[in-house]
Structures are given as C-alpha cells and as structure tokens.
Amino acid sequence: MFSNIIFKKLNIKNSPKIYQRFIGNTSSYYSKKDDCCAKEDPFNVPPRNPFDEKHEDGGYLIPKILSLMVGIPAVALFSLYLFLFREKPERPPFIPYSYLRIRTKKFPWGDGNHSLLHNPRVNALPDGYETEP
C-alpha cells in the first residue's frame, strides 16, 4: 500500500488512525469488528454502471410501444394539423419609433440598409415595410 511506504520512509511503525484515513488506508479505520462505532467506508464503493442493471422481463416494452404507437403518430398528426389549418398572423402596422431601426453605419453587404437575414415581408426598414401584405 502507498501509505505503508510513506510510514516506512518516515520511520513510523504504528501510524495513527487519523493519518491512515487521510492518506488512503481506510480499511483498518472503518472496518474494525470490535469497535462499537465502526462505520462503513463511504468512499469504498465500486463504480456502478446503470446499463448493467437487469430489467424485469419486458420492462422496457411498455415505453417502447407507447413511443412508437402513440408518440410518433401524435407528432405527425399535430404537424399536419398546423400545416393545413394554421391561420397566418397579421403583420403589425408600421410605427416609426425614433429608437428602433437606427442605422449609424451601413451594413457591409448589399445596399447597406438591409440586415444579413432580411425578410421583406416581416422585417421593416427605417422607412417602413418594403412589400404590402
């Protein structure tokens, strides 16, 4: 053990329990059978892999069937409903507020007045919308 090497180099024959605890030799500190206050070592737990746990027979089938038979068709039906029956919202009227759409310098592309991802139907210029709805 690494702690035994340290105690031999330091010429410590019977190391105190507190030093063993902090250096790493915790087995003698925590697992004394005759000690009334013996504790189990909370740090001496083997790593646990959650994928190693066994399920009951068919325990995974219910979520799998629900997601395949209910979830995917529900998403498809709601997408179709929104695509076919959605009403397009009206465009808000243009109000020329002085603190919006300020152009202190031209954009480095195009005519300098349109942003990089400009949409003429949705995004207004400082003068107003480019197209009528």
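Histidine 114 lies in the segment after helix 4, where helices are DSSP runs of H or I of at least four residues, numbered from the N terminus. The model is a predicted one, in which local features need pLDDT of at least 70, side-chain atom pairs count only at pLDDT 80 or more, and totals for chains, interfaces and linings use all residues. Residues are numbered from 1 along each chain as its sequence is written, and side-chain values use heavy atoms, with hydrogens and water left out.

The side chain of histidine 114 makes a polar contact of 3.2 Å with that of glutamate 130; such a contact is a pair of N or O atoms within 3.5 Å, of which, within protein, one must be able to donate a hydrogen and the other to accept it, and residues adjacent in sequence count only if both atoms are side-chain atoms. Glutamate 130 is also joined to the side chain of histidine 118, through a polar contact of 2.5 Å. Histidine 118, too, is found in the segment after helix 4 (61-85). With neighbours up to four places away in sequence set aside, histidine 118 touches Asn123, Leu125 and Glu130, contact being heavy atoms within 4.5 Å.

Turning to the aromatic residues, the structure holds four aromatic pairs; rings of Phe, Tyr and Trp (its six-membered ring) pair if their centres lie within 6.5 Å, with planes under 30 degrees apart counted as stacked, over 60 as edge-to-face and the rest as tilted. Phenylalanine 94 and tyrosine 129 form an edge-to-face pair, because their ring centres are 6.1 Å apart and their planes stand at 70 degrees. This pair links distant parts of the chain, 35 residues apart. Phenylalanine 107 and tryptophan 109 are stacked, at 5.3 Å centre to centre and 15 degrees between the planes. Phenylalanine 107 has a relative accessibility of 27% and is therefore partly exposed (buried means under 20% relative accessible area, exposed over 50%, partly exposed in between, with a 1.4 Å probe and protein chains only). Tryptophan 109 is likewise partly exposed, at 33%.

As for helix 4, its 25 residues should span 36 Å at 1.5 Å a residue, and its end C-alpha atoms, 35 Å apart, agree with this; the expected span is 1.5 Å times one less than the number of residues. Helix 4 also has a kink of about 35 degrees centred on serine 67, the bend being the angle between axes fitted to the seven residues ending at a residue and the seven starting there.

Note on methods:
Helices (H or I, at least four residues) and strands (E, at least two) are DSSP runs, numbered from the N terminus.
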